[in-house]
Amino acid sequence: MGELVRLDDVDRRIVAALQLNGRASWKKIAQAIGATESTVARRGQQLIESRIVGVTGVLDHLRCGLGISLIVRMRCRPGRANAVADALADLPVARFVTVVSGSADVAAEVVVQRHQDVARVLVEDLPRPDDIVESESMVVVRKFSNFEEWDPGLLGPGAAALLRHPAPFAGPQGWHEPEHLTEQEFAIAGVLAEDGRATYAQLAAAVGASESTAARRVESLISRGCLRFRTLFETPVLGLDVNFMQWLAVEPAELENVGTRLAKEPSTRYVSATTGRFNLCLHGALPGYGDLYDYLTKVIGGLPGVHAADMTLQARTLKRAWVRLDDDGRRAP
């Protein structure tokens with residue numbers, strides 16, 4: 001893997017602000033971190049142009065009726081994990097792909113239209129089947145916390161209140177009546193997937209609409225819970241060197257309680273309930289390996305109804321939020 005960049009305090013605070021709101025103006029970020037707007041604009045643009053940080057617009061596929069998430073764990077033949085992960089990352093249905101160490105070698109998230117498509121993806125479309133020794137899949141049935149909601153904790157609650165967008169529509173889990181997007185809304189989402197900080201003028205030019213129309217469409221997508229903005233960066237730039245996935249087998253009666261508690265942990269970047277042997281999957285980040293023991297014994301060990309806990313450490317992440325990454329974690333050009 002390439003060497004990860006270490007940032008100074010101002011740059012780290014800009015990245016933390018973008019995590020709270022990837023579309024926040026440089027003026028608002030300057031207010032949140034206590035720096036001048038000119039400094040924030042110059043440094044923030046440098047961070048984006050160097051691909052240390054990026055922002056992408058992501059449609060909520062469940063909310064929009066575009067499919068369901070499937071989390072996959074794989075064990076591979078010795079020395080073949082990187083090849084399997086590379087092939088998986090090339091699949092259009094793959095949203096997230098990482099090489100891990102522990103009881104699995106590769107973990108991924110894929111999005112399929114229907115649960116009936118799971119067999120096709122895992123049997124017919126699975127790349128390099130001869131290199132895969134074992135695989136198991138889990139369908140995401142409830143999200144307790146998304147990556148977009150994670151607060152790295154560098155800026156304090158005042159900054160979060162200033163920067164966070166108002167909470168989107170929060171309907172019942174599963175949304176039996178998904179939102180139906182227009183062609184224009186899909187087009188706007190496509191532009192924002194490439195550049196989550198695209199201006200309304202740029203959006204308007206790209207889809208053939210007025211700036212006011214583009215702005216209304218974006219705000220509507222956000223307020224309806226259809227569109228989120230994901231800030232892409234490797235956590236070591238903020239001093240969080242260990243990325244891990246925690247897999248838990250929890251008594252069904254305690255699943256809501258455990259998921260809600262873990263969603264509030266500062267180290268939690270994502271947590272969801274799933275089907276399968278492990279019915280709860282978590283992505284987390286910690287400062288160092290020395291923090292893993294306290295996490296396992298105090299955080300996980302203090303949870304009720306946990307029958308089994310398995311942790312895998314992320315070694316090389318190839319894809320996040322549909323975006324391919326270089327070996328140094330930067331968005332591939």
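Reader: Is C226 buried or exposed?

Author: C226 is buried, at a relative accessible area of 0%. Buried stands for under 20% relative accessible area, exposed for over 50% and partly exposed for in between, using a 1.4 Å probe and protein chains only. A word on the source: this is a predicted model, where local features need pLDDT of at least 70, side-chain atom pairs count only at pLDDT 80 or more, and totals for chains, interfaces and linings use all residues. Residues are numbered from 1 along each chain as its sequence is written, and side-chain values use heavy atoms, leaving out hydrogens and water.

Reader: How many disulfides are there?

Author: A disulfide is a pair of cysteine sulfur atoms within 2.5 Å. By this rule the count is zero. For C76, the nearest cysteine sulfur belongs to C281, 17 Å away. C226 is in no disulfide either: the nearest cysteine sulfur, in C64, is 3.7 Å away.

Reader: And how do I read helix packing?

Author: Two packed helices are described by the angle between their axes and the distance between the axes. Here the axes of helix 7 (residues 183-194) and helix 8 (residues 200-207) come within 10 Å and cross at roughly 125°. Axes are lines fitted to C-alpha atoms, for helices over the stretch in contact, with angles from 0 to 180 degrees between N-to-C directions. Helices (H or I, at least four residues) and strands (E, at least two) are DSSP runs numbered from the N terminus.

Reader: Which residues of helix 7 meet helix 8?

Author: Q184, A187, I188, V191 and L192 meet L203, A206 and V207 in helix 8, contact being heavy atoms within 4.5 Å.
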